[in-house]
Each structure stands twice: as C-alpha cells, then as structure tokens.
There are 2 protein chains.
Amino acid sequence: MPYDPSAFPPFAVTVDLVVLTVRGHALCALVVRRGEPPYQGQWALPGGFVRVDEDLEAAAARELTEETGLQVQGPDDPCAGAHLEQLATYGDPRRDPRMRVVSVAYLVLAPDLPTPTAGGDADSVRWAPVDDLLAADGGSGREEEGPAPLAFDHGRILADGVERARSKIEYSSLATAFCPPEFTVGELRRVYEVVWGVVLDPRNFHRKVTGTPGFLVPTGGTTTRQGGRPAQLFRAGGATLLNPPMLRPEA
Amino acid sequence: MPYDPSAFPPFAVTVDLVVLTVRGHALCALVVRRGEPPYQGQWALPGGFVRVDEDLEAAAARELTEETGLQVQGPDDPCAGAHLEQLATYGDPRRDPRMRVVSVAYLVLAPDLPTPTAGGDADSVRWAPVDDLLAADGGSGREEEGPAPLAFDHGRILADGVERARSKIEYSSLATAFCPPEFTVGELRRVYEVVWGVVLDPRNFHRKVTGTPGFLVPTGGTTTRQGGRPAQLFRAGGATLLNPPMLRPEA
DNA sequence: TCAATAGTGTCTGTAAGACATTATAGC
DNA sequence: GCTATAATGTCTTACAGACACTATTGA
C-alpha cells in the first residue's frame, strides 16, 4: 500500500474564506482582486496555502487576520471577534488550471466593520453584496454590463456558504455573530431580514427571541441609535442551539 | 506568490468513509481491520488515497464500492444504492504519524445488507454498533475489557458523522436511505428510533409522515413481514426537505 | 381465543402568525 | 403636535404529544 512519500500524487492544499457581514440592507461577502493569472483582475475569495505544520482551522484564522485584520472569536470571549467554521472541501481536478489544488473552505460571520485593509492594499479588497456576486455566476448567457463572476469555483463556494448561513441562523444563535457585542432586538431582526431577504413582524420577532431561553441576555443599557423609543441592549447568551428554532418563512 | 510546484509543502489527500446502517436495534458503522502499522490490528474507517485525476466524491464512491460492493445512488434511480455526501475535512498536522495527510470524510447511509466482503477478505471488515465504537473513544481511563478505540482520529470522524445523520433526518427525507426500496411506516419509524435512540409514538408518527407532502408514496402493495396486520408499502417520494420537519424529542 | 402490528380519531397545550395598543424618544 | 421605533397584549389557527379505539393478520 502506498505510504512511500513518492508513491502518491502531489496535492496542494489551500483554505478559502467566505466572509459574510450585514451592511446596510445587503448581505455582503469579502472579495479580493487577483493580481496574477489565472483570472487576473477578477475578484476571488480570500485564501491561501496551508503551511506544513499548520492545522486547517489555524490556516483559515491566519488568512483572515492577514487579509482583513479580523480576529477569530476565542473560546474565552464570545463577544468579540468573528465566528469561524469549516464549510466544505472542493477538489475537482480541473478547478485550478495550473495543478491539483484541494481547497478547504471556511465560513466566517462578522459584524459590520470599517472597510478592510488587505495588508495595506485598499484597492484590492472590498465588501460586495452576495446577490451581485451570485447573479454573475448564475445568470446564464452573459447579460450586458453584468458583473464578472468570481474566479475559479468561488461562485459555488460562496453560494454554499450563503446557504449555510441562511439555514444555520434558523436553529442556532449564530445571527448574533453579525451584530456588535451589544445590540437591540431591532438590530438582530434586521440581520434576519437581510440574510433571509424577507420582512419579519417586529412584534412576533420580539416575543420569539426574548422568549427563547439563553438566546439574549439584557445588559441593562438602552440606546436610541436607531431613533424612536430607546431600545434595550442585549448581548448573546450562552445558548448555541435554539429551541424552539427561528423558522424561515417559506417563499 | 508560491505557485511553483516545488514551493509548497507536499500533502497526501485521502477520503475516509463513515458508512452507517440500521441493523436490528443498533445503528452500525462499517469498520475495517488495519493490516499494517501504525495502529496495526486496530479497527479503522474504510478509505484510501485520492487519485491524481479523480474528483473527491468519485474517490469516495470508488472506495465504497471496492470495500463493500455498495453502489452509490445515481440521480436517475433514487430507490437503489446508498446516499453519499461530504461530511468534513480533517487536517491536523499530527493526525497521521508518518506524514501530513488531509482526509476528506464522506458520510454514507445504506440499507441493511448482508455482511460486506472487503475484496474477499471477510475477517477484516464488519458492522459494529456505533455506541460500542464511540464508547471506546469517549470512555476516559481505559475500562477493563473495553473495545479498542478506532485508529487515527477516526473516532471523532465517526462521531461527527453520526451527529450529522441524527440531525439531518430531522429536516430531510434521508431516513429513507436506511430502508429498502419498499418499506412500511413501521420500518421507517424503527429507523428513527434506532438512529435517535428514542421511542416514538406509532400513531403520531404515522399521522406525521403520511401527512408530509412528498415524503412517502404508496406503492399499493402490502406486507406482513413484521407480523400483525398487513402494512402498506411505500417508497421514498421526491421531497428532500421535510416541511414541517420531524422533531427529535429532547433528552 | 390471544398477541402482534396497522391505521384512525380525539383532546389538549404550545406556539406561530395577524393585528391593536401603548410607551418613549427626536423633531 | 407628528413620526419614528420599542414593547406588550389578544385572537385564531396549526400542530405536536398524549391516549382510546378499531382492523387484520398469525399462532
């Protein structure tokens, strides 16, 4: 059996990052402009090679910090930092024209942030609405003036990441990962509305999330940053699985 | 940037299979005995190297057929064959003592079958209850006469696969993948009971599954193979997502 | 006859969805 | 005053869970 290092084919292993955030009224993903062939000049997901003695998740966290300055959420402090989880692995032999590359994709959920700095190169990194990015991939037959699709198979990876996020906020408290450490019920509702692309009843939503044990913990403070009557501030509770779940309205 | 083939470290890429079935009153996984070091003589998940020009999923399907004779479910004929889906990827630098191996794990759900033949070697492959396999891993401090844990990090991979199966039959019709092409409501209920380790009310279960559109399609036939009154035979309907979902009773 | 499983019906509590009302800020 | 958002309450309907009952086989 082939355990001689020269007996098996050479693979390159990379990590790709689907970094999502809620900005304004759109779910946005972080994309970087490719500076070299192939797909030179096109947008792609951030990512890079896994190092020899590096765990896959450590590689993803390192690339995230290198390209965005974001820190990954530690086990001690669940308030600060971004959520990171493995998404899926993509290994089609022809996904990279140069060689055999197996890419482990990670999903990152982050609060809205100032524009990221890609190691000082501000022109080569941006937040883009996922609807725009996916329309370029899915739209059959190149409409006029449509945005260019993402490089490699990154359009599919992004679509998988968005679908994961959409379904996971149903039965887990992950939606709070899109919010700042302290947030209001209205801000959390806007996260659900933007990620799902629906409009939710504010009254039923409030009753539901405040009635789910362990989801939200009141901090005692209030804010008027949304205008109107001051709203209570909350932080994420310890619960990770929501019971009962938030149910996404069907189309 | 390092796209020179000699510039990145050499990785081996393998697939590992978590093959689950329901046998009698236990959820069982397929394990093979290792014939060589490391972990010689211990049980491990089936798997092997990905070939140079082979897609990851194709490698998983090939290993499945080679080690069990099982065919993967094709898109044309959803009745026969096993369900195959990607589970997760494991790449800790020290998970294999010989070299850096990144393993893409796949989850296979299969109906109960005659004992598999591992390329003719019947002594080196068997179905084992997952509770036994996981007790060996989780049980702290080596009890007397406890079964040996699985090789490598296969105990954790198996645990992840079992948890995926347990949660996925809640909101999808995947439980039918554990059943033969034609099955009764009672047989499907036993699948849920064994996978979840609970007892379900037969009357509520019957009302629920027959009332979920697209889940079950009556074939017109009946069977008395379970004893008692003849039961209607069904096959899996086209629905993949169950709405409303089956809810797992909480502990 | 009994024992087994299949299938249907009824009741109750919980919760989701629709919608009214009051509360508290800035203007 | 008006308008914005926050927060609580009421009503109806749907469904999960509990349990009673009938149906059809084999021993």
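**Entry 1: DNA strand D**

I began at Arg229(B), where an N or O atom of the side chain is 3.3 Å from a sugar or linking oxygen of DNA strand D. I count a polar contact as a pair of N or O atoms within 3.5 Å; within protein, one must be able to donate a hydrogen and the other to accept it, and residues adjacent in sequence count only if both atoms are side-chain atoms. This is a predicted model, in which local features need pLDDT of at least 70 and side-chain atom pairs count only at pLDDT 80 or more, while totals for chains, interfaces and linings use all residues. Residues are numbered from 1 along each chain as its sequence is written, chains are lettered from A and ligands numbered from 1 in the order written, and side-chain values use heavy atoms, without hydrogens and water.

I then looked at the phosphates. Gln232(A) has a polar backbone atom 2.6 Å from a phosphate oxygen of DNA strand D.

Which residues come nearest to DNA strand D? Of the 20 around it, I noted Arg203(A), Gln232(A), Arg203(B), Asn204(B) and Lys208(B).

I sorted the surface near DNA strand D into eight charged, eight polar and four nonpolar residues. Helix 5 of chain B gives the largest share, four residues.

**Entry 2: strand 6 of chain B**

I checked residues 101-109 of chain B, strand 6, and found nine of its nine residues buried, meaning under 20% relative accessible area with a 1.4 Å probe, protein chains only. Val102(B), Val104(B), Tyr106(B) and Val108(B) point one way, and Val101(B), Ser103(B), Ala105(B), Leu107(B) and Leu109(B) the other.

Strand 6 runs parallel to strand 1 (residues 12-23) of chain B, with nine bridges between them; Val13(B) has Val102(B) as its bridge partner. With strand 5 (residues 83-90) of chain B, the pairing is antiparallel over seven bridges, and Gln86(B) is partnered with Tyr106(B).

**Entry 3: chain A**

I looked up helix 3 of chain A, residues 154-171. Its 18 residues reach 26 Å from first C-alpha to last, close to the 26 Å expected at 1.5 Å a residue. Its buried residues include Ile157(A), Leu158(A), Gly161(A), Val162(A) and Ala165(A).

Last, I read the confidence: chain A averages a pLDDT (0 to 100) of 88, and 86% of the residues score at least 70.

Technical notes: Helix = DSSP H or I, 4+ residues; strand = E, 2+ residues; numbered from the N terminus. Expected span 1.5 Å × (residues − 1). Buried < 20%, exposed > 50% of the residue type's maximum accessible area, 1.4 Å probe, protein only. Near = heavy atom within 4 Å. Nonpolar A, V, L, I, M, F, W, Y, C, P; charged D, E, K, R; others polar. pLDDT = per-residue confidence, 0-100. Pairing = 2+ DSSP bridges.
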